[in-house]
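Notebook open, structure loaded. I'll jot down what I look up as I go.

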Amino acid sequence: MQTSVINRFYTDIHHITKATISLRATGIGNEELALVDGRLAQVVKMEGDMVTLQVFSGTEGIANDAKVSFLGTAPELEVDERLRGRFFNAFGKPLDEWPAPTGRKREIGGPPVNPVRRKQPNTPIFTGIAGIDLNNTILGGQKIPFFADPDQPYNEVMATVALRAKADKIILGGMGLSNDDLLFFKDTFRRAGVLDKIIAFVNTTEDPPVERLLVPDMVLTAAEFFAVDKDEQVLVLLTDMTLYADALSIVSNRMDQIPSKDSMPGSLYSDLARIYEKAVQFEGKGSITIIAVTTLNQGDITHAIPDNTGYITEGQLFLRKDSETGKVIIDPFRSLSRLKQLVIGKQTREDHPQIMNACIRLYADAAEARIKKENGFELTDYDIRTLAYARDYTAELLSIDVQMDMDEMLNKAWQLISKHFQPDETGIRQELVDRYWMN
Amino acid sequence: MKVRGTVQGLIANLVQVKPDGPVRQNEICYLQAGEDLLMGEIIKISGEIAFVQVYDSTRGVRIGAEVNFTGDLLEVTLGPGMLGKKYDGLQSDLDAHEGTFLLRGMRSPALDVHQKWDFRPLVQTGSMVSAGAWLGEITENGLPHKIMAPFSMEGQGKIAEIKPAGEYKAADTVAEIIMTDGRKHAVTMVSTWPSKLALKAYGRKIRPFKMLETGIRTIDTVHPMLEGGTGFIPGPFGCGKTVLQQAIAKQAKADIVVIAACGERANEVVEIFTEFPELDDPATGRKLIERTIIIANTSSMPVAAREASVYTAMTICEYYRNMGLRVLLLADSTSRWAQALREMSNRMEDLPGPDAFPMDLTATIAAFYARAGYVELTNGKQGSITFIGTVSPAGGNLKEPVTEATKKAARCFYALSQRRADSKRYPAVDPIDSYSKYLEYPEFRDYMKEHVSTRWIAHANEIKNILLRGKEAADQINILGDDGVSIDYHMQFWKSELLDFILLQQDAFDEVDMFCSVTRQEFMADLLLQICQTEYHFDHFSEVRPFFRKMINSLKQLNYAIFESPGFNRILEEVRSMAIQPAEKSI
């Protein structure tokens with residue numbers, strides 16, 4: 001990136017704030033990159049010949065006669081097959097000692113896909129986790145986040161999903177990723193022997209937070225290269241989008257914008273949508289699937305970040321520890337895959353939709369029985385059976401450490417409801433009961 | 001003489017331009033950015049600076065860049081050839097764009113002005129006509145499409161010439177009108193209208209009175225929507241807003257459906273693109289896409305165009321309404337539109353209202369809803385625009401500005417409840433919180449009595465009553481415990497559960513259950529209310545649940561069976577023997 005032609009130097013900085021500098025300059029394009037004393041910055045505002053630059057790593061120690069040079073382009077990534085197996089920082093600089101691969105230069109944050117050129121996603125991605133495959137089947141070209149409290153093992157679950165999914169490339173975007181987690185990902189991918197299909201752009205907790213604003217665009221520019229130019233199935237992992245949104249709020253705050261809900265910028269929805277909407281099934285084989293992590297504060301999904309995310313993504317996978325069995329599960333009530341309707345019962349067995357819904361409905365009855373129990377009311381026979389069922393359902397199906405293929409899950413589900421209930425308590429269509437009920 | 005200007009400053013997509021001549025508010029201009037021409041609209045004029053919101057990314061725009069003003073407001077092109085089209089928010093034909101990505105500055109005409117249509121005149125030379133008068137007719141996708149006198153025409157004019165029946169290109173002049181002051185209007189099949197202004201040119205607006213059949217029980221039976229009515233669907237994410245709205249789009253008895261996908265997921269529009277060309281419109285036997293126009297300005301497309309998209313959609317609806325058609329407009333979601341307004345007002349440093357939304361949000365929303373309605377045209381024919389918008393309340397909290405503003409403007413309220421969605425009770429329309437103000441309209445009551453059923457409105461009220469009593473009973477049971485209340489409470493609760501499971505809940509993905517005809521709805525309401533009015537005798541509260549569970553189960557099978565088929569009748573018999581003549585001891 002530093003190799004671009006340098007046009008002119010400026011040394012007279014007019015105004016310095018925590019994150020921005022302003023100076024007089026002409027012939028500058030909006031969103032153009034600049035180097036301020038060697039630090040990367042980007043044009044965010046122009047008024048007459050007064051240009052305001054956002055300095056990604058912050059303005060600490062910048063002198064008002066610092067050398068400013070404009071690079072003539074918006075942020076770019078050189079895309080090439082040789083990106084694979086490499087780890088980069090938010091600017092696309094390698095984290096190892098080898099030089100960055102050269103290739104075609106692409107501006108990051110490119111235009112959206114024409115909706116009429118998208119294809120409807122129709123390829124299920126099986127993960128072996130019942131909370132996903134059975135209850136919330138995900139598809140290639142989908143975008144879906146894990147909603148998890150910070151103490152949940154979301155990065156581990158995400159890594160598991162990534163390794164099971166049959167993707168040609170896995171591109172990891174780490175935002176505010178701890179060094180420990182970075183090493184975990186590296187190690188997991190290395191041990192699984194898939195390092196050569198991994199690409200990572202990482203902003204760690206040690207890097208300035210504003211830098212992470214570049215990470216999703218870097219990741220998705222690489223993803224579009226592999227999905228469009230190479231016709232590959234690309235899986236994108238973004239963790240943690242809450243920290244990304246926090247960086248957005250820092251910038252908007254420093255730009256004196258009026259905050260909306262939860263101190264987030266009013267444009268949060270559009271900012272997040274621009275990223276998530278890059279998930280797409282192209283007309284050919286190529287696709288981009290985005291699995292993200294949005295950490296929550298004590299399960300609060302009404303906070304602006306998970307709330308806006310929920311409106312953008314195609315469902316969410318809610319990680320929760322079940323207090324009764326101590327297992328981590330994907331909560332069947334609050335989780336949802338919006339695209340599952342396209343494949344369940346069609347590409348999976350015919351009984352999938354009905355048995356899935358029956359299981360969840362009965363699990364909801366168990367939740368009500370639990371409330372009754374906690375309030376000291378007498379339980380009916382039905383209540384007691386639902387509670388027993390819920391325990392089995394959690395431990396034998398939902399728990400994320402249970403691994404099964406699709407048909408095994410369906411059989412297990414029938415086995416559980418047959419064990420605890422009568423057919424007419426399930427609301428399942430008679431012909432399916434006739435075919436699958438286990439006596 | 002066109003006015004030109006130069007860029008003086010910019011932040012994001014708000015550009016300050018200094019024009020060299022007079023410009024007007026909301027005027028459209030084009031800004032040079034490298035090789036791209038970016039479209040923008042003046043949204044504020046202050047001193048010698050015009051503030052322009054650009055409908056595209058302003059990356060690379062430089063100070064001093066050239067701007068050309070057009071003198072026109074943002075306009076919608078109207079004419080034959082729009083049906084089945086997929087437009088962006090500024091009415092560019094998305095299918096006409098080449099390549100996978102929506103490159104900046106790319107535009108394509110809304111319709112093909114060279115396409116030929118079979119024209120039939122409806123007036124004669126010498127007739128006097130006023131704005132919006134039907135001069136001729138063509139047929140598009142089986143629907144009559146009127147060629148109308150210019151909407152901007154003031155007063156009466158005389159037909160100086162009208163072309164005889166035959167094939168003409170859309171751009172050909174098919175009529176000429178002479179005004180009393182001698183001015184002439186050459187009429188082609190294509191016209192334009194500024195989208196932010198309501199297209200009127202009708203006789204008068206009347207109160208809606210006809211039911212808009214949707215085949216969705218919780219709407220038609222309990223909270224009916226009317227032709228020319230307004231409604232909105234607020235709900236937290238994951239509550240099935242989009243599924244519900246798409247079901248309405250597929251099933252509603254309307255002539256034209258316009259879908260404004262405003263700032264929502266692209267894959268949802270793709271679903272419409274994929275399904276609608278396959279689905280039959282039972283009314284015409286043609287494909288659904290042939291009566292549909294889609295305005296897709298999805299969430300990653302330029303934000304400023306998102307605001308324009310709902311106006312583009314509404315103007316197209318007004319055009320078809322003036323042909324005497326029943327038009328249905330669905331907008332998903334009006335919150336995204338409001339957010340686009342907020343982003344802009346924020347950049348303009350306007351004083352913010354609640355949640356940083358612009359202060360005039362309520363007025364803006366009300367003015368938009370007011371463009372829907374049932375009208376009588378100048379020729380005595382009738383047309384309507386029914387408008388249903390979804391609202392995506394932040395945090396699922398209905399006490400936020402967009403929901404509150406919409407509640408003041410819309411007559412029907414379909415509240416989606418998180419609790420219902422969590423327990424997979426779809427559609428998750430909350431029967432207690434939701435309402436249709438049309439139930440109180442005497443003209444609607446009269447219409448239903450005369451044309452559909454004398455009991456329809458009584459049914460709706462009775463159903464709401466039972467549901468409300470059921471909810472109260474459930475609350476009591478929760479407080480006092482199963483054995484702390486009388487058996488009547490359990491019965492009340494389970495009767496409301498029966499209505500919930502069989503009437504309110506409906507499987508949008510089941511081929512039979514997804515659409516329930518008016519006849520079937522009336523039949524079901526009769527049957528269910530009869531069951532609810534029957535007195536049952538139980539010795540112990542624990543007998544109530546199994547009895548009703550079993551009945552619900554059978555009735556569910558009934559919903560899945562084709563109406564009046566042998567299977568249906570068999571299950572019906574079973575239900576009747578179980579429910580209507582209850583045994584003393586029921587299980």
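Predicted model: local features only at pLDDT ≥ 70, side-chain atom pairs only at ≥ 80, totals over all residues.

Started with a sheet in chain B: four strands in the order E10-E13-E15-E16, open, with antiparallel pairing. (Strands here are DSSP runs marked E of at least two residues, helices are runs marked H or I of at least four, and both are numbered from the N terminus; two strands pair if DSSP finds at least two bridges between them.) Strand E10 (128-129) and strand E16 (184-187) of chain B are the edges, each with a single partner strand, so one side of each has no neighbour in the sheet. I checked the pair E10(B) and E13(B), residues 157-162, and found two bridges in the antiparallel sense. Val129(B) has Gly157(B) in E13(B) as its bridge partner.

Residues are numbered from 1 along each chain as its sequence is written, and chains are lettered from A and ligands numbered from 1 in the order in which they are written.

Next sheet, also in chain B: E12-E11-E9-E14, again four strands, open and antiparallel. Strand E12 (143-148) and strand E14 (166-169) sit at the edges with a single partner strand each, so each has one side without a neighbour in the sheet. On average, neighbouring strands of this sheet are turned by 45° against each other, direction ignored. E11(B), residues 134-140, joins E12(B) through six bridges, antiparallel. In that pairing I found Glu137(B) opposite Lys146(B).

Then I looked at helices in chain B. H10(B), residues 456-480, packs on H11(B), residues 487-504, at about 130° with axes 7 Å apart. (Axes are lines fitted to C-alpha atoms, for helices over the stretch in contact, and angles run from 0 to 180 degrees between N-to-C directions.) That makes the two helices oblique; angles under 35 degrees count as roughly parallel, over 145 as roughly antiparallel, 65 to 115 as roughly perpendicular, and the rest as oblique. Which residues in H10(B) meet H11(B)? Among them are Ile463(B), Ile466(B) and Leu467(B), while Tyr489(B) and Phe493(B) are among those in H11(B). (Contact means that C-beta atoms, placed from the backbone, lie within 7 Å.) The residues of this contact divide into ten nonpolar, four polar and four charged. For the classes, Ala, Val, Leu, Ile, Met, Phe, Trp, Tyr, Cys and Pro are nonpolar, Asp, Glu, Lys and Arg are charged, and the others, Gly among them, are polar.

Over to chain A for another helix pair. H8(A), residues 352-374, and H10(A), residues 406-420, pack at about 45° with axes 10 Å apart. By the angle rule, H8(A) is oblique to H10(A). The contact includes Ile355(A) and Leu362(A) of H8(A), plus Trp414(A) of H10(A). By class I got eight nonpolar, one polar and no charged residues.

How many residues of chain B are in contact with chain A? I got 62, against 60 residues of chain A. Strand E1 (4-11) and helices H3 (266-275), H5 (334-347) and H13 (544-560) of chain B each supply at least two residues of that side. The chain B side has 21 nonpolar, 23 polar and 18 charged residues. E5(A), residues 39-47, pairs with E1(B) over three antiparallel bridges. There, Lys45(A) stands opposite Ile11(B).

Last entry: chain B has 14 helices and 26 strands, and its C-alpha trace spans about 90 × 55 × 45 Å along the principal axes.

Methods: Contact = placed C-beta atoms within 7 Å.
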